[in-house]
Structure formats: C-alpha cells, structure tokens
Amino acid sequence: MDLLQMTLVFSCLLIPVIGLDEEPEFVYPDRFNDPERDAFLYGTFPEGFIWSSATSSYQIEGAWNEDGKGESIWDRFSQEGGNVENNDTGDVACDSYHKYKEDVALMKAMGLKYYRFSISWPRVLPDGTLNNVNEAGIAYYNNLIDELRLNDITPMVTLYHWDLPQALQDVGGWANETIIDHYNDYAELCYQRFGSRVPFWITFNEPWIVTLLGHGVGYFAPGISEDGTTIYVVAHNIIKSHARAWHTYNDTYRQLQNGQVGITMNSDHVEPYDSTNQDHIDAADRCLQFHFGWWANPIFKNGDYPEVMKTSIASKSAAQGFTKSRLPEFTEEEKEYNRGTADFFGLNQYTTLYANNTPDDESNPPGYLKDRNVLTFVDEDWETAGSSWLKIVPWGIRNILKWIDSQYHVPIYVTENGVSTHDVYELDDVIRQKYYRAYINEVLKAIKLDGVDVRGYTAWSLLDNFEWASGYSERFGMHYVDFNDPERPRTAKESVNVYSKIIADNGFIKEVSTTPATQYTTASAPSINILSHITCICFCILSNVWTQ
Ligand SMILES: *[C@@H]1O[C@H](CO)[C@@H](O)[C@H](O)[C@H]1NC(C)=O
Ligand SMILES: *[C@@H]1O[C@H](CO)[C@@H](O)[C@H](O)[C@H]1NC(C)=O
Ligand SMILES: *[C@@H]1O[C@H](CO)[C@@H](O)[C@H](O)[C@H]1NC(C)=O
C-alpha cells in the first residue's frame with residue numbers, strides 16, 4: 001500500500017459518522033461493513049446501573065513481602081526470571097499498598113460509585129491456612145474498604161485473582177482436592193472480617209485462565225504444562241471450591257450481610273465464520289461451551305459439565321488409551337450441591353474470534369484444543385490493540401451477552417472490559433476512548449434492543465499495571481503510571497474524561513440538538529445512518545484497492 005492509499009484509508013476511517021440531524025456522533029472503527037448493526041445508539045442505561053472500574057492485588061499492590069505477607073505463586077513465578085517480559089515483577093507495581101488513598105481519590109474524581117479489587121490470599125493468610133492470620137494484611141483491606149465507603153464508593157471484591165499462596169502450591173495447589181477446604185476457610189475469613197461492608201463477592205476471576213494458562217501451557221503461574229489432564233482436575237477443584245464458598249455465604253452470612261456472591265468468567269466472543277453453515281454454528285457453540293460452559297453449566301444450569309464436553313473428552317480419552325475419561329465426574333450429590341451457586345454471572349470480555357470446524361484428532365498426547373476441536377481465527381483487518389491477542393471488535397460483546405442470556409438467564413455484570421496500548425507515554429489515548437464508547441454502546445444495545453439483563457459495567461483498568469506475562473510492556477489503564485519513578489505518579493489519560501462523562505450521563509445523551517434527539521427504546525431498531533453507509537462504501541472501495 002502506498003502513502004496515498006494509506007492516507008485515503010485513514011482519512012476515510014476518521015470521517016465521523018454524522019447523524020441525520022448532522023450532530024456529530026461517534027467514529028466507529030468501521031471495519032466490519034455492517035452499518036446497521038454498527039450504528040451508534042443514543043440512550044441511557046437502566047436506573048441504578050452500576051459503573052465500576054477494576055484492578056487486582058498482584059497487579060497493583062506491590063509490597064510483596066511487607067508487614068508479614070506470604071509469598072504468592074506470582075511472586076515466585078516473576079522473580080525466578082525468564083517467565084515475564086523483561087523479567088518484570090509485581091514487587092512494587094503501582095505501590096497501591098501505600099498509595100490506596102490516592103487511588104480512591106482518582107475514583108472519586110471520576111465519579112465512580114463502585115470499585116472492583118481483589119484480596120491477596122497470602123497477604124491475609126501467609127501460608128494459605130488459618131494457622132496464621134496476618135492482622136496487618138487484614139488492616140490494609142479494612143482501611144481500603146473504609147476509605148472507599150467514606151468516599152461513597154462500593155467495594156466489589158474478588159477473592160481469587162490468581163495470587164495463590166506459594167505454600168499451598170507446594171502441596172499441589174489447585175490440583176490437590178484439599179484446596180477446597182483451604183479456599184473455603186479463606187473465603188469465610190473474608191466474609192467475617194470484611195463482609196459487613198462488601199455487597200458483591202466474586203469467588204474466582206477467570207478460572208479458564210488459571211486452568212489453561214497456569215496448568216495447560218505454563219505461560220502463567222504456577223507454570224505447569226499438563227494440558228488435557230491436570231487442567232480438568234484443577235477446574236474440578238475450582239468449581240467445587242466456588243460452590244462451597246457460595247454455600248458458606250448462603251448458609252451463614254447472607255442473612256446478616258445481605259450481599260451477593262458470583263463468579264467471573266472470561267471468554268472471547270466466538271462467531272461462526274459462516275453463519276449459514278451448521279458446522280460453523282456448532283463449532284462456535286462448542287467453543288463457548290468449552291470456555292464458559294465448563295464452569296457455567298455446573299454452576300448456573302444442571303450442576304454438571306456440558307454434554308458436548310463429556311462426550312468429546314470421553315471418546316478421545318478412550319481412543320488415547322485412558323481407562324476412564326480425563327474429565328472427572330461429579331456425583332449426583334455434588335451436582336445438586338453445584339447447581340444454582342451464583343447470584344450473578346460476571347463477564348470479562350475483550351475480543352472476538354471466528355470459528356470453524358477442524359477434523360477430529362484423537363492422537364496422543366491429549367490436549368484441550370483437540371478435545372474442543374474448533375479452529376479459531378481472526379480477521380486481520382480488525383484493529384489490534386497494544387496486546388497482540390486483542391482485536392477490537394465492539395459487536396462481539398453484544399453477541400456474547402445474548403449468548404450468555406440465552407444459555408443461563410441470569411443477571412450479568414460486565415466485570416472487566418478494556419483495551420491496551422504499548423508501553424508509550426500517551427495521555428490522549430484515542431484508541432481507548434473509542435473502545436470504551438463503542439463497547440459500552442454495544443452493552444447498551446444488548447440491554448435495550450435484545451432485552452439482556454446486564455446490571456453493571458466495569459472498566460479495566462483504573463491504572464496501568466503489571467500485565468502478567470507481559471509485565472509493564474502493555475498498558476490497560478485510564479491513568480498513566482510512571483514505573484520508573486519510585487513515587488509511581490499517576491496521571492489521568494483522556495479516557496478518564498470519556499468514561500466519566502458516560503457515568504455522569506448514565507449512557508449516551510445526544511448533545512444540544514435543534515431537533516429532538518432520537519432515543520431508542522426497547523425493541524426499536526436503530527435507523528441506518530446514511531453517512532455511515534458512505535463511510536462503509538468508501539472503506540470497501542479502499543480495501544479493494546488495498547488488496548490489489
Ligand atoms: C531474565 O531472566 C533469565 C533467567 O534468570 C535470564 O536468562 C534472562 O537473560 C533475563 N532476561 C532479561 C531481559 O533480563
Ligand atoms: C494435599 O494437600 C495436603 C495439605 O492440604 C497435604 O497434606 C497433602 O500431602 C497434599 N497431597 C499431595 C498429593 O501433594
Ligand atoms: C440459600 O439459603 C436460603 C436461606 O437459608 C435457603 O432457603 C436456600 O435453600 C439456600 N439455597 C441453596 C441452594 O442451598
């Protein structure tokens with residue numbers, strides 16, 4: 001592509017989509033050629049809709065060995081070198097252990113009324129068990145919660161966001177069934193010490209990542225690569241731990257504390273590549289069952305794994321010479337115990353994939369991808385964020401919300417959504433401003449046009465922070481953090497203003513207009529926007545030029 005073509009493509013992409021009343025609307029990342037689906041929807045969210053922002057303990061706190069905190073698997077994994085980009089660690093991270101008041105002030109300035117953070121298990125229980133309760137660690141979270149409440153910000157607390165006490169890993173971690181008791185002890189301690197001020201608990205953040213990246217490919221702590229075998233044991237123990245902690249709350253704490261306990265799962269949206277081809281439709285659905293259904297089917301449906309997982313893993317296990325399925329079984333009693341153990345569905349959503357069928361592969365060694373048997377891929381034309389895996393596809397979040405609603409009929413909270421940039425100093429973070437407006441707009445469509453029960457939205461993240469195996473090379477924050485400065489100063493990026501405005505308006509209100517603004521209500525389809533057609537046609541022509 002020569003410079004002229006590039007200029008044309010860019011100026012074309014930057015043409016604002018102008019409404020019929022010529023009010024500037026929004027520059028949709030117009031790569032998808034479906035202007036009707038992608039038309040911007042003005043309107044507000046239901047009353048009481050929750051606007052939040054999220055972080056997690058290992059990614060922001062630092063103080064990795066202060067005041068009696070125990071070692072976590074992420075301390076071990078990052079410090080041993082060779083596992084994280086540039087050998088970065090979370091030893092100091094954003095230093096939020098010392099700077100939490102400043103963080104709360106940032107939230108207050110944004111108009112945030114909710115904040116999702118996680119408790120570091122080894123900070124409150126250094127060896128993972130009740131043998132030693134670290135009161136200094138408890139005090140830190142009490143102070144944080146009190147500071148939040150003083151500023152009218154409600155805590156949403158994640159119990160497990162990946163920083164397992166190393167002492168528990170040393171006896172097998174999630175692969176050892178005794179973890180269920182240890183996790184329940186930890187959860188109950190948190191209900192006891194913090195529960196009177198915490199109305200939302202999230203038992204696990206992204207169990208799929210813990211399982212696959214931590215125990216399947218070893219890309220995340222604890223760095224185990226036992227794909228196709230240990231992953232299913234780990235998942236089994238996580239589901240049982242979740243169910244147990246939910247029952248503990250339901251039996252003893254709900255009446256006193258009146259909160260809700262849910263679980264947060266992540267998945268890329270998976271779209272059939274050819275939506276008229278039944279094989280593609282089945283492949284996309286199977287992919288989502290292996291991703292969400294793995295956890296959500298036992299918890300929200302019938303207490304057991306999805307049928308498609310049970311049959312596929314059983315038949316491949318047999319072909320591979322295993323005497324029984326690599327997927328463990330729940331007893332009838334356990335199914336009964338699992339069923340209905342979440343008050344809400346937490347969704348972390350970032351990107352989208354296309355799905356197609358692949359030929360069955362029953363060869364050894366066993367593996368999750370062989371069990372799942374789906375070919376996934378992206379459209380290279382989709383805009384890429386600062387993380388190579390993160391293609392910007394706003395309509396994907398609407399489609400996955402519809403899929404979750406159709407499967408489980410539960411209240412949904414978007415507990416993470418956001419976008420990364422590379423490690424550059426950039427306060428006018430245009431990509432993030434566009435991303436938030438576009439994705440949040442698709443959440444609005446899911447509510448207003450599709451009738452999905454979405455109750456909250458959480459922007460990831462409040463701050464640039466330690467992005468796991470990518471270290472500090474990728475920035476997801478609405479606030480820039482200077483990791484070279486010992487003071488770790490925070491500076492608001494422009495996306496702070498964009499998100500604050502959405503919060504203040506509880507959605508998207510059309511600015512001063514001579515004609516009455518069109519507010520879409522339930523079931524009324526958005527009208528097609530003429531100029532977005534033009535933009536699209538312009539883009540189509542240019543993409544032809546591009547490919548020639
Ligand atoms: C990271 O640590 C590993 C293991 O100690 C070492 O081999 C490698 O050179 C280090 N990489 C950088 C970028 O420092
Ligand atoms: C499982 O954990 C317990 C402690 O909770 C430990 O005594 C036992 O040895 C562990 N089992 C294995 C196989 O590591
Ligand atoms: C949750 O607790 C309530 C009140 O004690 C009880 O009626 C209900 O059966 C419990 N739910 C489950 C699934 O155990």
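## Ligand 2

An oxygen atom of ligand 2 sits 3.2 Å from a polar backbone atom of V171. That is a polar contact (a pair of N or O atoms within 3.5 Å; within protein, one must be able to donate a hydrogen and the other to accept it, and residues adjacent in sequence count only if both atoms are side-chain atoms). Side chains take part too. A polar atom in the side chain of N176 is 2.3 Å from an oxygen atom of ligand 2. For a polar side-chain atom of T178, the distance to an oxygen atom of ligand 2 is 2.8 Å. On its own, ligand 2 has 360 Å² of accessible area, and the protein covers 40% of it. Such areas come from the Shrake-Rupley method with a 1.4 Å probe; for residues, only the protein chains shown count as cover.

The residues around ligand 2 are V171, N176, T178 and H182. Each has a heavy atom within 4 Å of the ligand. Sorted by class, this shell holds one nonpolar, three polar and no charged residues. Here Ala, Val, Leu, Ile, Met, Phe, Trp, Tyr, Cys and Pro count as nonpolar, Asp, Glu, Lys and Arg as charged, and the others, Gly among them, as polar.

## About the model

This is a predicted model: local features need pLDDT of at least 70, side-chain atom pairs count only at pLDDT 80 or more, and totals for chains, interfaces and linings use all residues. Residues are numbered from 1 along each chain as its sequence is written, chains are lettered from A and ligands numbered from 1 in the order in which they are written, and side-chain values use heavy atoms, with hydrogens and water left out.

An N or O atom in the side chain of N87 is 2.4 Å from an oxygen atom of ligand 1. Taken alone, ligand 1 exposes 360 Å², and the protein buries 30% of that.

Around ligand 3 are W246, H247 and N250. The side chain of N250 has an N or O atom 2.3 Å from an oxygen atom of ligand 3.

## The whole protein

The protein has 19 helices and 17 strands. These are DSSP runs, numbered from the N terminus: helices are H or I, at least four residues, and strands are E, at least two. Of its 548 residues, 61% are buried. Buried means under 20% relative accessible area, exposed over 50%, partly exposed in between (1.4 Å probe, protein chains only).

The accessible surface comes to about 20,800 Å², and carbon and sulfur atoms make up 51% of it.

## The nonpolar cores

A nonpolar core is a set of buried Ala, Val, Leu, Ile, Met, Phe, Trp, Tyr and Cys residues joined through side-chain atoms within 4.5 Å. The largest has 147 residues. W74, W174, W201, W294 and F345 have the most contacts inside it. Helix α12 (residues 278–301) gives the largest share, 11 residues. Apart from this core lies another, of seven residues, including Y114 and M156.

## A buried loop residue

Where does Q320 lie? Q320 is in the loop between α13 (307–319) and α14 (332–338). Q320 counts as buried because its relative accessibility is 8%. A polar atom of its side chain is 3.0 Å from the backbone oxygen of S363. Beyond neighbours within four places in sequence, Q320 contacts (heavy atoms within 4.5 Å) residues including R326, E362 and P366.
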